There are 2 protein chains.
Amino acid sequence: MASQLEGAASQTRAARQKMWTRERLIEAARRVIARQGIDATTIADITSAADVGIGSFYNHFKSKEDLVGTLVGQAIELHGASLDRLVASVSDPAEVFAICIRHTIRMADHDPVWAWFTVRAGLYVRELESALGERVMRDLLRGIESGRFTPRDMPSALIVIGGAMVAAMQGRLLGVLGAPADHLIAEHLLRMLGVPADEAQRIASLPLGEAVAEDAQPSARGGAR
Amino acid sequence: MASQLEGAASQTRAARQKMWTRERLIEAARRVIARQGIDATTIADITSAADVGIGSFYNHFKSKEDLVGTLVGQAIELHGASLDRLVASVSDPAEVFAICIRHTIRMADHDPVWAWFTVRAGLYVRELESALGERVMRDLLRGIESGRFTPRDMPSALIVIGGAMVAAMQGRLLGVLGAPADHLIAEHLLRMLGVPADEAQRIASLPLGEAVAEDAQPSARGGAR
């Protein structure tokens, strides 16, 4: 009986240990990739930064790409959940769109590691496109239903929106943009979607809450997982 | 006298040899970087692909970044010169803008190595931004002068335009886009700049010449250098 209990306890310990190793690998990969890019990152770099043996990597992930997919999925989900909370009480789809665009671009200032990671991963990983793309698509559809937006084609509008967000974050991270420029980018995109110029300017200039800074807090992280 | 002539001839040979080595390094870097990205490319990869000794790299370039800057500058100049020829007889700035956007996006189909290189280099190299940015800025200014375009801010419009072009090429290179979508992207951007929706659709759908395929021909290359 005692040995059965002991066996169960050791199984739990082993499961916890496994979970913990997985989390360490994910965290280490996030740091290493943000610093040196996906191409230049090897599995050995990741296991070394996580301080685990290289062999144990394959107990958790099939490949580097598998880990990167998990990582991008988590980062986007976390950010998306935080955006959902921010716009929960906003009814105008054009305002919702502008807030989401602006907060995402501002991540280059609020959480440069996240932003670098998203910008660099964006080149190679489809998870990024699908996770972010689905959210933007949802906001676009609401705008179309309400008559706010009149794009003639949706997938290509998504490309412009995604490309603009990545380029704006990049410009800020590289120091090319002296200010985040998030409101100007949002204004351009609203005009592109058919919002009249004066209205686009007004909506894109509304004061932004600071709630997105929650992203960095453990409570928000826990809630989004 | 004979030995003086011989000396001059050998100097010329040495200069030719040096030029030739430089060109080989540039060509090799273009191939290697398009395949594996800038981060993962080492100077040894480049000299090995060029079949020259690693030491001679530094007779020509200060660093990998120095070579990449040269490379991006050349690629953009070549493409820009080809665009200039294409639009030489087009008077409407909105048409000029649409043709340039569409041909650049189509490079993902016409010259995927160029397109990969531009997309990957875009993340790290300012030459790309300044060279492409200056041309787009010039087209934007013409559109504003003629009353065709009414953006409220220029630098942020450039970011949206650049980001959209890179994202569209990327989507095509990764196989996410089944068709080039260049006319739809141009239409969105024209609307963003203040061209009415029906007019934007008409301009972006005009038939495109195939002259850009010249890019790959030695005569066009020579002319642009």
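Good morning. Among contacts in chain A between residues at least 6 apart in sequence, 70% join residues at least 24 apart; two residues are in contact if their C-beta atoms, placed from the backbone, lie within 7 Å. This is a predicted model, in which local features need pLDDT of at least 70, side-chain atom pairs count only at pLDDT 80 or more, and totals for chains, interfaces and linings use all residues. Residues are numbered from 1 along each chain as its sequence is written, while chains are lettered from A and ligands numbered from 1 in the order in which they are written.

Chain A has ten helices and zero strands. Helices (H or I, at least four residues) and strands (E, at least two) are DSSP runs, numbered from the N terminus. Of the 225 residues in chain A, 42% are buried, that is, 20 or more other C-beta atoms lie within 10 Å of the residue's own.

I turn to the core. The largest nonpolar core has 116 residues, and Ala164(A), Ile185(A), Ala164(B) and Ile185(B) touch the most other members. Such a core is a set of buried Ala, Val, Leu, Ile, Met, Phe, Trp, Tyr and Cys residues joined through C-beta atoms within 7 Å. Leaving aside residues up to four places away in sequence, Ile185(A) touches residues including Ala164(A) and Ala168(A), and also Ser156(B), Ile159(B) and Val160(B).

Between the chains, 34 residues of chain B are in contact with 34 residues of chain A. On the side of chain B that touches chain A, α7, α8 (182–192) and α9 (197–204) each supply at least two residues, and α7(B) gives the most, with twelve.

Next, helix α4 (residues 93–110) of chain B. Of its 18 residues, 15 are buried. The axes of α4(B) and helix α7 (residues 154–173) of chain B come within 8 Å and cross at roughly 25°; axes are lines fitted to C-alpha atoms, for helices over the stretch in contact, and angles run from 0 to 180 degrees between N-to-C directions. That makes α4(B) roughly parallel to α7(B), the term for angles under 35 degrees. Their contact includes Ile101(B) and Ile105(B) of α4(B), and Met165(B) and Ala168(B) of α7(B).

How do α3(B) and α4(B) lie to each other? The axes of helix α3 (residues 64–86) of chain B and α4(B) come within 10 Å and cross at roughly 135°. The two helices are therefore oblique to each other, a class left over once angles under 35, over 145 and from 65 to 115 degrees are set aside. His79(B), Leu83(B) and Leu86(B) in α3(B) meet Ile99(B), Cys100(B), His103(B) and Met107(B) in α4(B).

Definitions and conventions
Buried ≥ 20, exposed ≤ 12 C-beta atoms within 10 Å, placed from the backbone.
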